[in-house]
Amino acid sequence: MSEAKILETLVARFDQLDKRFDRVENKLDKHDQRFDQVDKRFDQVENKLDKHDQRFDQVDKRFDQVENKLNKHDQRFDQVDKNFDQVKNKLNKHDQSFDHVDKRFDKLVNILEEQNIELYNIKSTLKKHDEKFDKMGYTIKKIHNQTARLSIGQSELDMKIDKLKNSTPEKNEENINSV
């Protein structure tokens with residue numbers, strides 16, 4: 001084999017190797033293009049994941065705000081519970097005071113009922129005395145009328161006596177005896 005043939009064989013083999021390398025390179029280029037497409041898709045997915053991360057960060061901030069507000073509300077409710085307990089204690093104290101006042105009012109009602117009974121008794125007694133005074137007034141009027149009649153009768157007698165005294169002495173004795 002001559003050198004030229006060897007060279008030709010080598011060149012032919014190198015050409016075959018070149019063609020194979022070209023095919024491998026074409027295949028690798030196709031794979032590179034596919035990897036580029038996959039990279040693009042991964043980039044798109046990564047961008048979407050970044051957007052989702054940003055949204056999750058916003059949602060996390062909102063959840064933190066909501067949690068803070070809920071904690072504030074819990075604190076307010078705790079304070080309201082404390083205030084209700086204080087009001088309840090005050091109401092219990094007032095209830096005890098009202099019980100004491102109720103007892104005093106009950107005593108006052110009993111006293112007023114007793115005084116009402118006493119006033120009724122006094123009123124009854126006063127009515128009886130009023131009736132007696134009415135009877136006494138009536139009796140006094142009768143006595144006054146009788147006294148007035150007696151005094152009129154006495155004055156008539158006195159006038160007769162005076163007339164008789166002024167008339168003759170003999171007639172006087174007769175008239176005096178007649179009176």
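In this text a residue is called buried when its relative accessible area is under 20%, exposed when that value is over 50%, and partly exposed in between, using a 1.4 Å probe and protein chains only. D22 is partly exposed because its relative accessible area is 42%.

Before going on, note that this is a predicted model, in which local features need pLDDT of at least 70 and side-chain atom pairs count only at pLDDT 80 or more, while totals for chains, interfaces and linings use all residues. Residues are numbered from 1 along each chain as its sequence is written, and side-chain values use heavy atoms, leaving out hydrogens and water.

Let us start with the whole chain. The protein chain has two helices and zero strands; helices (H or I, at least four residues) and strands (E, at least two) are DSSP runs, numbered from the N terminus. Helix α1 covers residues 3-166. The C-alpha trace spans about 235 × 30 × 15 Å along its principal axes. The radius of gyration, taken over C-alpha atoms, is 71 Å, whereas a compact globule of 179 residues would have one near 16 Å (the rule is 2.2 Å times the number of residues to the power 0.38).

D22 is found in helix α1, and its C-alpha atom is separated by 88 Å from that of N83, 61 residues apart along the chain. F98 also has its place in helix α1, and 60 Å separate its C-alpha atom from that of F56, 42 residues apart along the chain.

Buried residues make up 1% of the 179 residues. F98 counts as exposed because its relative accessible area is 51%, and K30, found in helix α1, is exposed because its relative accessibility is 55%.

Which residues form a nonpolar patch on the surface? They are I6, L7, L10, V11, F14, L17 and F21, with about 650 Å² of accessible area together (Shrake-Rupley method, 1.4 Å probe). Patches are made of residues with over 30% relative accessible area and no salt bridge, joining nonpolar side chains within 5 Å and like charges within 9 Å. A salt bridge is a side-chain nitrogen of Lys or Arg within 4 Å of a carboxyl oxygen of Asp or Glu. K30 belongs to a patch of positive charge, together with K19, R20, R23, K27 and R34; Lys and Arg count as positive.

Key. Charge placed at Lys NZ, Arg CZ, Asp CG, Glu CD.
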